[in-house]
Protein chains: 2
Amino acid sequence: MPQPRIEFWFDFASTYSYLSAMRLGPLARAAGVEVSWRPFLLGPIFAAQGWTTSPFRIYPAKGRYMWRDMARRTQALGLPLKELDNMPQNSVLAARVAQLALGTTQGVAFCRSVFAAQFGQGRDIAEAAVIRDCLESTGLPCDLIDRAGQDDNRLILRRSTEEAMARGLFGAPSFTVGDELFWGDDRLEEALAWTTRHA
Amino acid sequence: MPQPRIEFWFDFASTYSYLSAMRLGPLARAAGVEVSWRPFLLGPIFAAQGWTTSPFRIYPAKGRYMWRDMARRTQALGLPLKELDNMPQNSVLAARVAQLALGTTQGVAFCRSVFAAQFGQGRDIAEAAVIRDCLESTGLPCDLIDRAGQDDNRLILRRSTEEAMARGLFGAPSFTVGDELFWGDDRLEEALAWTTRHA
């Protein structure tokens with residue numbers, strides 16, 4: 001019997017994706033579930049529903065609450081958190097590099113290091129220097145940055161984002177198990193339980 | 001020492017408020033926390049951020065997901081659920097009557113019966129006949145419906161909604177403990193734990 005599998009859809013600019021990226025490893029292992037990391041871009045999905053930036057900027061009360069909520073959650077999880085004033089960061093480069101990195105055994109570590117650099121240290125992941133540090137710290141070659149911008153790799157990210165929209169995703173993180181969709185870090189446990197129950 | 005107290009802010013038209021209304025009683029008792037039920041209206045708060053109806057209508061992908069998510073959650077909780085096609089229902093009458101009902105020992109039972117009539121049976125809580133049934137089934141007098149429309153009682157609901165907005169609420173259910181705000185049924189357990197820790 002193949003191992004049950006879940007898809008973890010994330011945008012590097014998404015605060016709550018940071019929480020899931022940091023905590024899903026041990027939970028998935030304990031549940032015996034294999035995780036496919038699926039970077040995608042929220043920007044085009046938000047644009048399609050008329051938003052030109054993060055909902056946390058469009059709705060200030062929601063934005064203020066999000067940072068307070070994140071502070072409580074990261075404290076409970078023992079994770080560092082820097083409140084960003086340049087939210088949302090441009091996550092295109094990080095996502096394109098992640099697609100290549102995830103073809104290696106260090107891919108997940110790279111993704112985590114990007115989230116940590118941004119939300120733990122407050123660095124701007126739109127800067128190639130930051131992505132280079134993340135590649136180096138996880139033992140990956142820096143030429144992934146150049147390869148990331150090639151047409152075939154750009155197309156993969158566009159296709160992933162189109163697939164996300166076609167599958168009904170409207171936010172991040174999301175989890176899919178076949179046609180079943182779960183939205184939000186709060187649903188991680190439920191999504192894993194669903195995956196094992198319907199394997 | 002006074003008993004720790006939490007405020008439960010809800011709009012009768014809110015699906016996720018239904019979940020909290022149905023499950024918070026035993027959880028709060030177990031935590032030794034007293035609950036103040038605070039009906040308010042999301043409409044004016046949504047209007048202030050440019051929404052003229054429920055976000056679940058404005059963003060169809062989110063609306064489709066919400067009903068699927070509600071189906072999973074209510075099944076896990078053993079609660080009935082009817083998918084509504086007249087969402088959001090007008091909850092003004094229910095909220096005004098609830099304010100009066102909550103001054104009696106049957107107030108919480110009345111609120112639960114309104115949620116159950118709407119989301120469990122698919123009835124329209126804008127109809128006085130439905131509210132009358134809820135009052136009768138919880139042993140409250142039907143003249144609360146007439147008293148609900150009086151100026152002083154209308155003003156109380158307006159003030160509650162203004163207070164909610166001033167305290168940073170942007171959705172329902174929400175929970176407040178002093179200045180601390182928690183949004184969403186998913187945060188109920190965390191809000192109760194916070195309440196006991198900071199009593």
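Trainee: How many residues of chain B are in contact with chain A?
Mentor: Keep in mind that this is a predicted model. Contact here means heavy atoms within 4.5 Å. On that basis, chain A puts 21 residues into the contact, and the number from chain B is 21.

Trainee: What does B:Asp69 form a salt bridge with?
Mentor: Across this interface the rule finds twelve salt bridges. For the one at B:Asp69, the closest N and O atoms are 2.9 Å apart, and the cut-off is 4 Å. The partner is A:Arg187.

Trainee: Which element gives the most to the side of chain B that touches chain A?
Mentor: Three elements of chain B give two or more residues each: helix H4 (60-77), strand E4 (180-183) and helix H10 (188-197). One of them leads with seven residues, and that's H4(B).

Trainee: How are the two copies related?
Mentor: Chain B superposes on chain A by a rotation of 180° with 0.0 Å of shift along the axis, at RMSD 0.0 Å. In chain B, the C-alpha nearest that axis belongs to B:Asp186, 3.4 Å away. The same surface serves both copies, as 100% of chain B's contact residues recur in chain A. Given that superposition, the copies are thus related as by a two-fold rotation axis.

How values were computed
Residues are numbered from 1 along each chain as its sequence is written. Chains are lettered from A and ligands numbered from 1 in the order in which they are written. This is a predicted model: local features need pLDDT of at least 70, side-chain atom pairs count only at pLDDT 80 or more; totals for chains, interfaces and linings use all residues. Side-chain values use heavy atoms; hydrogens and water are left out. A salt bridge is a side-chain nitrogen of Lys or Arg within 4 Å of a carboxyl oxygen of Asp or Glu. Helices (H or I, at least four residues) and strands (E, at least two) are DSSP runs, numbered from the N terminus. Copies are superposed by least squares on the C-alpha atoms of residues with pLDDT of at least 70 in both.
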